[in-house]
Structure formats: C-alpha cells, structure tokens
Amino acid sequence: FGTPAIAQINHAGRQSTIGKRSLRDPPIAPSPVQLSVGDNMFARTVQRVVFSTPNQMTLAQIDETVRKFVEAAEIMVIAGFAGVEIHASHGYLISSFLSPKTNRRNDEYGATPKDRMRFLFDVIDAIRAVVPREFAVGVKLNSADYSTGGLTEDEAHDQIRWIDEHGGIDFIEISNILISSFST
C-alpha cells in the first residue's frame, strides 16, 4: 500500500518469564534487581514463581545481546520494513540499563548516568553499521520511572540530549506509562 512500517525490537530482560527461557536459566539484566509486581501475597507468589532474580550480564552477554539486536534489525530490512524502533522503556532490558534503580553497575555500563547510556549507544551504533542509510532507526524512552530511586524526568531529559549528541537516531518516542501494579 506504500505506507512505511517500522518494527519495534526489544529484549524483555528481567521481565522475561519462565516459558520463554528454561527454568534453570534466570533472566539477564544489568544488575541482579528482581522485578516487583506488588506487595500482597498473590503478587509475591507470582513474582517468585514467574520472575526470578536476574543474573547480572557479563560483558560477553552484553556483546551477544547487541548482536541479537543487529540481527533483528537486519531481518526487518530483509522483510521490507522502513525502520526499527529500539524499545528502551517500560522496564525492558535497555530501560533497565538506563535506570539508576535497576542498573547498579560500577563499570563502563553503569558507573555514571551517562555510562548507563552505553548499552543503548552500542545497539544504535551496531545497527547503524549494517542497515541502509535510508532505514530509519528510532528509540522509545521513558519520561520517568515513577518509582523511588528510578529515572527522573530531569535524567530522562539528559538522556534525550545525550542521544541527540551521540547521533544515529532518526526519531525518539517518549512514553509516559504509569502502571500502578508494577514497579521498577
């Protein structure tokens, strides 16, 4: 029909549930911070059974995950999409790297607020290196985490500025979702 379509690509990170991965394989995340789904007994049971505490990603796992994002973008090129949107909000993996609440690393992927951007920048740069020039690459970001110790609106503003300075992105979508039953 001639209407360009953009596919959203993501990794669930610590929100990965059993069934998508082996019971023996915990989810991966920047830091071993478990997803909280509430304080009542039912929520705690669901949390314990469905969402286990993630393993902190190794540098090799970070590199492998960047390659998986690239593979997803390459598949979208072959499938005829006009671009991809890298999902970096709502608690998914990249969002977990961007948030001070879920990224407690002391290395180049989390020691400072700008270091928390490195994983996203690695994904952007790796995708840009392989897709055609006219292929759009965008990113979806949180406007804030809305939880104690999470990403603030001021920090989100800094992230937008750093993405603009870094380059390689054609558009940014700012998401402002507040889900009271889930907290980062």
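This is a predicted model: local features need pLDDT of at least 70, side-chain atom pairs count only at pLDDT 80 or more; totals for chains, interfaces and linings use all residues.
1. Length of α2. Helix α2 takes in residues 59-78, and at 1.5 Å a residue its 20 residues should span 28 Å; the C-alpha atoms at its ends lie 29 Å apart, which agrees with that expectation.

2. The buried side of α2. The buried residues in α2 are Ile-62, Thr-65, Val-66, Phe-69, Val-70, Ala-73 and Met-76. They cover an arc of only 145° around the axis, and therefore sit on the same side of α2.

3. Surroundings of α2. The elements against which the buried residues of α2 pack are the strands β1 (6-9), β2 (28-29) and β4 (83-88), together with α3 (93-98) and α4 (118-128). On the face turned away from this buried side, α2 carries Ala-60 and Ile-78, which are exposed.

4. After α2. Gly-80 follows α2 and has a positive phi, near 95°.

5. Geometry of α4 and α5. The axis of α4, which also packs against the buried residues of α2, comes within 12 Å of the axis of helix α5 (residues 153-166), and the two cross at roughly 30°. The crossing in which α4 passes α5 is right-handed.

6. Residues between α4 and α5. From α4, Leu-120, Phe-121 and Asp-125 meet Trp-162, Ile-163 and His-166 of α5.

Methods
Residues are numbered from 1 along each chain as its sequence is written. Side-chain values use heavy atoms; hydrogens and water are left out. Helices (H or I, at least four residues) and strands (E, at least two) are DSSP runs, numbered from the N terminus. The expected span of a helix is 1.5 Å times one less than its number of residues. Buried means under 20% relative accessible area, exposed over 50%, partly exposed in between (1.4 Å probe, protein chains only). The arc is that of the directions from the helix axis to the C-beta atoms. Contact means heavy atoms within 4.5 Å. Axes are lines fitted to C-alpha atoms, for helices over the stretch in contact, and angles run from 0 to 180 degrees between N-to-C directions. A crossing is left-handed if the near helix is turned anticlockwise from the far one by less than a right angle, and right-handed if clockwise.
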